[in-house]
Structure formats: C-alpha cells, structure tokens
Amino acid sequence: MRKYLKELVEIHGPSGKEKKVRDYIKEKIEGKIDEIKEDCMGNLIVFKKGNNPQKKLMVAAHMDEVGFLITKINKDGTFGISPVGGIDPRVVKAQRLLINGEISAVINSKPIHLEKDTSAVANYSEIKLYAGFTNDENAKSKVNLGDMVTFDVNYIESDGHALCKAFDDRAGCSVMLDTIDFLFENDLKPEYDTYFCFVVQEETGLRGSGSAAEYVKPDAALILEGTTAGDNPENEPEKWATHIGNGPVLTFMHSGVVLDKKIYENIVNTAQDLNIIYQHKMRTAGGTDAARLSRSMYGIPCGVISVPCRYLHSPNTIISLDDYDGVVKLVKSLISEGRIF
C-alpha cells in the first residue's frame, strides 16, 4: 500500500501534458492486467476481466494536475504564464516552479519594504516567471510558448501525514494502482468486468472522462478523487468541507450532479461493514468527473470517494495517510466483491 504515491505526485503533468504520468502507469501495470488501450485523448483504459461479465464497472481518476503554460516570452528573458486549472494567484507568489520538469524558475515578488498594500493580490497579467535568462533570444533557445510549468516540490512524510503537489488527483491514480496490485498479487478477479480509467484534462473542464466512457459504456462508475478539506487552522469548523484525519470522503452531491442514491448507500454500507471511519463532503461546490459522466451517453450512475486534502491546488497540499489507506481498503472491497451494484 502507498507503493506508488510518492513517485506519482512528484511527476510533472498538468492538463494536456500527462504523458510522463501515463508512461509511468503503463510501466507499473505491465503483466498485471488483461488489456490496455490508449485513446485519442490520451486516456489510459485498463481492463480487468471479472467473474461476472454481465455488468461493466468504470473506475476513474484523472492523471492531470493544476499547473501553468508559458504564454509570453518577454524582452528581458522572463515569461508570462497562464494557469491550467484553478490556481489562486495568492499561492503562487515567490514560489519555485519547473519549466518542462527541468528548468528551475521562480515567480517574481516585490520586496516587502516596497510593498505598499500587502493585502493586494497580483493577477496573472502581472506575474512574471524568472529562470535566469537575460533576454528573449536566450530564453527562446530553451523554452517555447505552450511549454508546461509546474510547482517544484518534493514529497515529504511526517507524523502520519504527507505533503506535496498534485494529490489531486494522483492520490486517486495511486489508489487504482494499489487495487490492481491487490487483485494481481492475490490472484483475484473483480466481481464484474472492470475498466480502470486513468483520464486526462479533468482540471480544464472534465474533458477526458467522457471520451473514456464512450469506449467503455459502463453500467456504473466509481470516481476516485483528491478533494478540498478547507479545514485550515484559521477557518471555523462551519466552513470546512471535510477534515483531514476523519477518513475517506463520501459525496452525495456536488456541483453538476446529485450522486446515485443506491451506489452512495452501497459505499456507505461497505465502509460501515469494514469499520472504516468515513466522512461526508459538507460543501457542494466544486465537481468531479461524475458530473461529466452523468451527462454522457445514457447518463452513467456514479459514486465518488475522495482523499481529503488541505491547501488543494497549491504546492503544499497535505493529506492524512490514514485517510488514504481507508480509501484503498474501501475501494478494494467494492471492486473485488462487486458491492457497487
């Protein structure tokens, strides 16, 4: 368990640039699955034959993380960037970033003694990325418009918690890899034909999951996510969406969809049977690929299970490892025993 989490979150792959993540996953599942397909969008669709082929289950997590793209190369050798996905500009100031996972860079920050309004928030048109280049000609020899930019942080574990970027949604991808290992190592089949879908471009509008669903045509889907906690120490509990340390997050509704009641109840009952501490997502803002699937084809009934994450979409996201382990335990049972249906 957690065999892949560190390596996955440290890979660089914002929306539309998921190749390194996809290649890593393909390497780790080789010989453990029945079939693998990469579609035209870049989704990775992994098939495990079940004991009962009468139903098809789609299990999905998105490979992409929030990040940036180079949108301007300035005369002085600095770069303009635009966010890929929802990144609050307040978490970007003075941060270390990587261009194409290789070139170190830092976001500009006005010296504090010159900052007249310390509460002001820069917008992206004012943000510049500095990577040591002295002019645009020098910069263009190494960097192109459209190149990817990601946070430059390493995975850290301490006192039962982990900190890094990209737990949304490499945590979900890691859960699927742990589950595939569980089935393979124990010579088990899932109860139903199961398609593990590592999908693309969730952060830019739930793009990849609909394409994957068109290929699978599932009877139901289970979405695995990293979701916002909002339990910052300065926030009152009434403002929390979830709380790290309180177990897997089970969602009954979020922006764009009310989740299937039967699937939701099956997930809750399974957690109770396994004595897994769980929590509900108490704020319904934000969304997952379940919203896309509910509008795809004939409308696909979905359940959503998430790992709660403090400081989501930032370089310093924190999770509880016990929460992650609870998600893995729950997902293994739901898939191997067919308890989604």
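## A walk through the model

Start by selecting Lys 261 and Glu 265, whose side chains meet in a salt bridge at 2.5 Å, N to O; the term stands for a side-chain nitrogen of Lys or Arg within 4 Å of a carboxyl oxygen of Asp or Glu. This is a predicted model, in which local features need pLDDT of at least 70 and side-chain atom pairs count only at pLDDT 80 or more, while totals for chains, interfaces and linings use all residues. Residues are numbered from 1 along each chain as its sequence is written, and side-chain values use heavy atoms, with hydrogens and water left out.

Both partners sit in helix H6 (residues 261-273), four residues apart, about one turn of the helix. Helices (H or I, at least four residues) and strands (E, at least two) are DSSP runs, numbered from the N terminus. Lys 261 is exposed at 58% relative accessibility, and Glu 265 is partly exposed at 34%. Here buried means under 20% relative accessible area, exposed over 50%, and partly exposed in between, with a 1.4 Å probe and protein chains only.

Next, pick Asp 273 and Arg 339, another salt bridge, with the closest N and O atoms 2.5 Å apart. Asp 273 belongs to helix H6 and Arg 339 to the segment after helix H8 (321-336), so the pair links parts of the chain 66 residues apart.

Now select Lys 165 and Glu 65, joined by a salt bridge of 3.1 Å between the closest N and O atoms. Lys 165 is in the loop between strand S11 (161-164) and helix H4 (167-185), and Glu 65 in the loop between strand S3 (52-62) and strand S4 (67-73), so the bridge ties together parts 100 residues apart in sequence. Lys 165 is buried at 1%, and Glu 65 is buried at 1% too.

Turn to Ile 305. With Ile 25 and Phe 198, Ile 305 touches the most other members of the largest nonpolar core, which has 54 residues. Such a core is a set of buried Ala, Val, Leu, Ile, Met, Phe, Trp, Tyr and Cys residues joined through side-chain atoms within 4.5 Å. A separate core of 22 residues includes Tyr 124 and Phe 151.

Finish at the largest pocket by selecting Thr 228, Ala 229, Tyr 311, Leu 312 and His 313, which lie nearest its centre among 37 lining residues. A pocket is an open set of points on a 1 Å grid over the protein atoms alone, where a 1.4 Å probe fits, with protein on both sides within 12 Å along at least five of seven lines; lining residues have an atom within 4 Å of a point. Strand S13 (220-228) and strand S18 (302-309) each supply at least two lining residues.
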